[in-house]
Amino acid sequence: MKLIDRVAKVFNEAFAVPADSITNQTVPDDVPKWDSLGHMNMVSILEKEFGTQFEVDEIMEMASVQNILDVLAKKGMKA
Amino acid sequence: MRPESIYGIVTGAASGIGLATCKMLLEAGTPKVGMLDCQQEKLLAVWEELAATYSPDRVSQFYMDVRDPEIVARTIEQFEEWAGCLNLAVNCAGVLLDGAVTSVSSRGVKRYSLEQWETTLDTNLTGAFLVAREAIAAMLRSRAPDNSIDDCRGLIVFISSISRHGRAGQAAYSASKGALVSLAATLSQELASYHVRSVAIAPGLVDTPMAAQIPGWYTKDMLNRVAIKRMGRPDEIAHAVRFCIENEFFNGRVIEINGGAF
């Protein structure tokens with residue numbers, strides 16, 4: 001499974017949006033439940049999915065799906 | 001004070017609230033506006049635009065880092081030489097370096113760096129203090145040509161923030177913006193006998209390059225707490241600066257302008 005597909009699956013679980021609606025360009029304005037509380041919930045599911053933990057700076061960096069993919073790539077996560 | 005009798009400087013003039021304030025002053029007929037900023041290329045670009053619209057006789061630009069006491073003093077002298085006097089200083093220059101003071105993760109305890117703290121405080125607070133100090137000295141040694149002795153001799157405006165009440169992840173920024181309100185109140189008492197006023201404006205979330213730094217999911221949360229559910233525009237904050245100029249009974253206090261944020 002591609003990295004983006006795994007992130008899309010996390011978004012589906014966290015925000016109840018169809019996984020196929022998630023692209024690299026997705027930003028909080030595109031996802032109604034992606035506010036600060038939703039973000040923390042999504043990060044927690046993301047940590048479980050990838051078996052890792054994120055630093056505060058990394059969590060703050062996640063301002064779009066592309067940013068999330070970049071953070072995951074920096075942590076050595078691969079598809 | 002009338003905008004037509006203002007000889008004013010604006011820090012952080014290259015963008016956001018600073019730039020909107022310069023435009024407001026020029027539109028209102030202010031004869032001399034000094035645009036001060038440390039982002040030289042950006043400053044030059046916006047100055048060229050304003051000078052072409054309003055005349056280079058009315059608007060000038062000065063490269064200045066508010067953190068350097070000597071450069072601040074020299075720049076204000078240069079403005080005086082160009083404009084003839086100084087009776088308004090609007091302190092908009094600021095930085096936002098987000099981060100929790102101390103946080104814990106699997107890799108241990110992480111601390112907000114002293115460097116980030118000092119950069120924020122040096123720019124937002126000490127910088128505003130240095131500009132105010134030199135601007136007040138200039139106000140006391142000069143008087144606008146059409147001001148009588150009874151008129152207000154000058155005005156210092158500090159751009160604070162809704163974050164002055166405290167906001168998670170913005171300790172340095174919040175502390176600096178809170179301190180500006182205290183500084184405005186103190187100066188209003190020290191300077192009343194010289195007919196110089198000192199005030200603060202505390203905007204909420206405003207659509208500026210600084211706000212663009214904040215992640216969208218955080219911005220969304222902030223907007224949910226705003227009654228009218230939108231960001232402010234820089235010109236709406238500049239409008240509050242105009243109120244401060246024109247209303248001579250307003251002194252030592254802070255205007256909150258945030259769309260009803262609770």
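Start by selecting Ser55(B), which sits in the loop between α2 (40-54) and β3 (59-63) of chain B. Helices here are DSSP runs of H or I with at least four residues, strands are runs of E with at least two, and both are numbered from the N terminus.

Before going on, a word on what you have open: this is a predicted model, where local features need pLDDT of at least 70, side-chain atom pairs count only at pLDDT 80 or more, and totals for chains, interfaces and linings use all residues. Residues are numbered from 1 along each chain as its sequence is written, while chains are lettered from A and ligands numbered from 1 in the order in which they are written.

Now check the backbone of Ser55(B): its phi is positive, about 95 degrees, although it is not a glycine. Most residues other than glycine have a negative phi. Ser55(B) counts as exposed because it has 10 C-beta neighbours inside 10 Å (exposed means 12 or fewer other C-beta atoms within 10 Å, buried means 20 or more, partly exposed is in between, and C-beta atoms are placed from the backbone).

Next, jump to His195(B), in the loop between α5 (171-191) and β8 (196-203) of chain B. His195(B) isn't a glycine, yet has a positive phi of about 65 degrees. With 18 C-beta neighbours inside 10 Å, His195(B) is partly exposed.

Of the 262 residues in chain B, 47% are buried.
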